[in-house]
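Hello,

Please open the structure below and keep it on screen while you read. My notes follow it.

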Amino acid sequence: MLKKLPKPAIIAHRGACAYAPENTLSAFELAVQQQADAIELDVQLSADDHIIVIHDKTVNRTTDGEGLISNLPLKTLKELDAGSAYDDAFRGEKIPTLAEVFETVGKKIFINVELKSLLTSKKLTEKVAKCVRDHNMASRVLFSSFNPIALIQIAKLLPQTPRGLLVYSGPLGVLARTRFGELVPHQSLHINLQGAKQDLVDRAHRQGRSVLVYTVNHPADIQRLVKLGIDGFFTNDPHLARTTVAKIAAK
Ligand code: G3P
Ligand code: MG
């Protein structure tokens, strides 16, 4: 998918989550309508090993339920309301599975699947690789993770599908940004806005990698990043991003 994206690519972070509850089908469909080039979503396994699209370790913040995702089976997760915590207008919205996202928007937009598992990633990567293959999505997906082990695992399962290494700025990201990062097979570097500096962008480009920046919601930041030559960015507001990118191109 990486090679097919325009520059700068607009990637809807958890969908168009400035307008709809994050990581829901509504947010993903809205991202398509707002002409994002791709969506980003987060995946984890339920207690009974279904691939669930949700960011936090628990359902507490985004739904009307409580508990760890890893303790809850799919049936229970599907009974939760994932819309009204955001806005009453979205009451009844469900937590989607990765398969449901592929079936709903998989042919309309590219998808960045962020593998959230930190400790036990093997089962997650195996399930995700199977889901991608079953839905014929290998050429429409970009994997990413803060967990280098998850990227190494998925590279073995789906070597042709590109991978992005997510890194923090500051001391937390030092390992990933230096030689250790080189051991992880990745075609793009996903850095946060604070860490987006010319030398880092240039070095990644010299190494043949794309640079994607998270999370970018202000026109002034978009302008700065375009000047740095970044390849794309994650945003909660694809509509604003599309308008801003069009204005920059018209100058
Ligand atoms: O992939 C970019 C961004 O989503 C990484 O951080 O915490 O929003 O998943 P987070
Ligand atoms: Mg994410």
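**What I found**

An oxygen atom of ligand 1 sits 3.2 Å from an N or O atom in the side chain of Asp42. Keep in mind that this is a predicted model.

His55 also reaches ligand 1: an N or O atom of its side chain is 2.7 Å from a ligand oxygen. Lys116 has a polar side-chain atom 2.8 Å from an oxygen atom of ligand 1. The protein covers 89% of the 290 Å² of accessible area that ligand 1 has on its own. The residues around ligand 1 are His13, Arg14, Glu40, Asp42, His55, Glu114, Lys116, Phe146, Leu166 and Tyr214. By class, that shell has 3 nonpolar, 2 polar and 5 charged residues.

Next, look at Asn147. This residue is in the loop between strand S5 (141–145) and helix H5 (148–157). Is Asn147 buried or exposed? Its relative accessible area is 6%, and the limit for buried is under 20%. Therefore Asn147 counts as buried. Leaving aside neighbours within four places in sequence, Asn147 is in contact with Ser117, Leu118 and Ser121. At the start of H5, a side-chain oxygen of Asn147 comes within 3.0 Å of the backbone nitrogen of Ile149. Within H5, the buried residues include Pro148, Ala150, Leu151, Gln153, Ile154 and Ala155.

**Two buried strand residues**

Ser188 lies in strand S7 (residues 188–192). Ser188 is buried, because its relative accessibility is 0%. Its side chain makes a polar contact of 2.8 Å with the side chain of His190. Not counting residues up to four places away in sequence, Ser188 touches Leu2, Leu142, Arg163, Gly164, Leu165, Arg209 and Ser210. Lys156 is 32 residues from Ser188 along the chain, and their C-alpha atoms are 17 Å apart.

Phe234 lies in strand S9 (residues 232–235). Phe234 is buried as well, with a relative accessible area of 2%. Beyond four places in sequence, its contacts include His13, Glu40, His190 and Tyr214. Phe234 and Leu142 are 92 residues apart in sequence, and 13 Å apart from C-alpha to C-alpha.

Most residues other than glycine have a negative phi, and most peptide bonds are trans.

- The peptide bond from Lys7 to Pro8 is cis, with omega near 0 degrees. Pro8 is in the segment before strand S1 (9–13).
- Tyr214 and Thr215 are joined by a cis peptide bond, with omega about -25 degrees. Thr215 is in the loop between strand S8 (210–214) and helix H9 (219–228).
- Asn23 is not a glycine, yet it has a positive phi of about 55 degrees. Its place is the loop between S1 and helix H1 (25–33). Asn23 is buried, at 3% relative accessibility.
- Asn136 has a positive phi of about 55 degrees, and it is not a glycine either. Asn136 is in the loop between helix H4 (122–134) and S5. Asn136 is exposed, with a relative accessible area of 60%.

Best wishes

Notes
Residues are numbered from 1 along each chain as its sequence is written. Chains are lettered from A and ligands numbered from 1 in the order in which they are written. This is a predicted model: local features need pLDDT of at least 70, side-chain atom pairs count only at pLDDT 80 or more; totals for chains, interfaces and linings use all residues. Side-chain values use heavy atoms; hydrogens and water are left out. A residue is near a molecule or strand if one of its heavy atoms lies within 4 Å of it. A polar contact is a pair of N or O atoms within 3.5 Å; within protein, one must be able to donate a hydrogen and the other to accept it, and residues adjacent in sequence count only if both atoms are side-chain atoms. Accessible areas come from the Shrake-Rupley method with a 1.4 Å probe; for residues, only the protein chains shown count as cover. Ala, Val, Leu, Ile, Met, Phe, Trp, Tyr, Cys and Pro count as nonpolar, Asp, Glu, Lys and Arg as charged, and the others, Gly among them, as polar. Helices (H or I, at least four residues) and strands (E, at least two) are DSSP runs, numbered from the N terminus. Buried means under 20% relative accessible area, exposed over 50%, partly exposed in between (1.4 Å probe, protein chains only). Contact means heavy atoms within 4.5 Å.
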